[in-house]
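User: I'd like to learn how to read a few features of a protein model. Could you take me through them one at a time?

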Amino acid sequence: MTPEPDPLTRDAQAFDLLEHPEAWPEDPALQAELAALLELHLALHAHPEVGEDLDATGPVRPLSRSFPWLMSAAAVLLVAVPLAYHAQNVRTMAEMSRNQARIQDLAQKRGQDRLWAGFFQQSSLLIQDFAKRPAACTSDKDNEDRSAEREVAFALLQASHKLSAQGAPGPDAEAVRSDLHAWLMELTLEDPCLDPRRAQELRQWANAHNLEDEAQRLGNLLKGETL
Amino acid sequence: MLRALALASCAALTAPAALLVAPVAALAPPAPPAAPGDALLRQAKALRYAQRWFEAGQAYRQFLTEHPSSGRVPEARFWLAATLESDQRWDEAAAAYQAFLGAHPDQRLLGREAKMNLVRCWGIRQGQAPGATPGLLATLQDPIPEVRVAAALQLAKAGDARAVETLKQGLQLPGTGDACSLALIGLGVQTGQPVAASQARFLVIRIKEAGKPDTVTIRLALALARAAGNYLSDAQLKQAQAKGFDLSGLTDKATTLPKGSTLLSVDDGKSSVAITVE
């Protein structure tokens with residue numbers, strides 16, 4: 001069993017090989033690499049002062065002999081620096097992507113909350129208006145002219161359908177929307193010239209479910225800054 | 001004989017009172033005679049108002065069985081379906097709405113409402129009831145645009161991209177634009193007119209949050225410009241209004257201004273937002 005040669009001996013053998021092109025392997029790729037190294041080696045020989053500066057601070061070892069180490073370090077740097085840059089870049093991109101997704105989600109929620117808040121506030125106003133004494137119908141003086149409220153109720157009913165399709169900001173919002181929806185549907189499907197007894201029934205229904213206060217409360221809650 | 005006498009004496013006793021009220025009664029229109037089954041419908045409505053859905057449904061069913069030729073059958077059918085819906089019996093409600101629509105295609109207002117409610121029932125049952133998603137997809141062809149949009153919104157809620165084209169059409173409808181733009185963004189769709197890249201325009205929203213090193217950039221197609229306000233806080237919206245900036249006219253403004261123009265820049269201390277046309 002032959003002992004393992006020390007690194008200096010191995011370097012010396014390698015440089016010997018570098019200086020004898022006739023002993024180089026047949027592989028053209030290897031030959032090209034060795035030629036490049038030889039060129040560098042010769043260039044360093046042409047500037048011995050570089051080696052002297054280095055020799056002054058450490059043990060005697062010509063620069064040409066430590067060159068493979070430098071080459072390895074350079075190679076490591078060549079690989080490591082782009083990799084580190086890439087990793088940092090990936091981290092930054094991931095962070096930006098997370099921020100963007102968070103802002104998109106918040107904007108979606110903000111938009112949804114504003115639509116719901118608008119619905120609740122307008123519904124609350126409609127119920128307030130419905131509690132007021134209206135003008136009598138022109139065709140039938142005994143009945144109440146609720147055509148304006150009925151139009152608003154129809155528009156709000158359509159809005160309620162869309163909100164239902166979008167999903168609610170919370171279970172209580174959905175419960176109140178559902179109650180309001182039923183009330184709005186009753187009013188929309190009534191005759192615009194409304195029998196006072198029927199109007200009274202609708203008012204009682206709204207009161208029994210506390211629709212006005214609930215709609216106002218949720219409208220204010222959702223209109224508050226959510227971000 | 002005795003009975004005839006008794007009736008005659010009663011008539012004599014009530015005659016003066018009848019004379020007294022006669023002028024008032026003559027002014028009031030005669031009360032319409034109660035149609036058969038009216039009492040049952042009134043009872044059903046009272047049960048509905050009391051949120052006793054099951055009993056209300058039974059009352060409507062009884063009315064439909066006992067008075068199949070009544071003029072109030074469409075109304076009863078509709079409210080039966082609505083009662084089932086309120087009772088969260090979605091599949092039964094959907095079937096009842098379909099029965100109503102099939103039997104009474106001439107009912108305009110009730111018909112439209114029935115379609116919208118049917119869409120809601122199907123929307124809730126997407127992925128659970130076999131007929132729900134096909135029903136919603138078929139509704140995308142409904143002649144009423146709002147009904148089509150409602151179906152598309154329900155599909156979008158389940159992440160179904162087949163809703164996209166209808167949602168894009170909904171952007172142009174009054175009252176549905178906001179919901180459609182939110183749904184489209186939720187589906188990750190950027191809508192834009194098929195124009196040359198040199199002519200394509202986007203709203204670019206740059207958001208710099210306090211304490212964060214990076215600026216987040218959001219690109220919105222002009223068709224979704226109405227959603228730009230969602231990226232502004234209430235305080236920023238107020239700032240924009242104070243500057244006389246009208247968010248509802250954003251699309252028009254973005255179309256006319258040259259590319260690179262800054263439309264709005266606001267800062268509420270928590271974040272600064274700049275909107276440009278690019």
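User: Let's start with the sheet in chain B: in what order do its four strands lie?

Analyst: Strands of a sheet pair through backbone hydrogen bonds, in either a parallel or an antiparallel sense. Here the order is E2-E1-E4-E3 in chain B, an open sheet with antiparallel pairing. Strands are DSSP runs of E with at least two residues, helices are runs of H or I with at least four, both numbered from the N terminus, and two strands pair if DSSP finds at least two bridges between them. At the edges, pairing on one side only, are E2 (215–221) and E3 (262–267) of chain B. This is a predicted model, where local features need pLDDT of at least 70 and side-chain atom pairs count only at pLDDT 80 or more, while totals for chains, interfaces and linings use all residues. Residues are numbered from 1 along each chain as its sequence is written, with chains lettered from A and ligands numbered from 1 in the order in which they are written.

User: How many bridges join E3(B) and E4 of chain B?

Analyst: Five, in the antiparallel sense, with E4(B) spanning residues 271–277. For instance, B:Val266 has B:Val273 in E4(B) as its bridge partner.

User: Which residues of helix H7 of chain B are buried?

Analyst: An α-helix has 3.6 residues a turn, so residues three or four places apart point the same way. In H7(B), residues 132–139, the buried ones are B:Ala132, B:Thr133, B:Gly135, B:Leu136 and B:Thr139. They sit on the same side of H7(B) because their arc around the axis is only 160 degrees, taken from the directions from the helix axis to the C-beta atoms. Buried means 20 or more other C-beta atoms within 10 Å of the residue's own, exposed 12 or fewer, and partly exposed in between, with C-beta atoms placed from the backbone. The face turned away from the buried side carries exposed B:Pro134 and B:Ala138. H6 and H8 of chain B are among what covers the buried residues.

Notes: Two residues are in contact if their C-beta atoms, placed from the backbone, lie within 7 Å.
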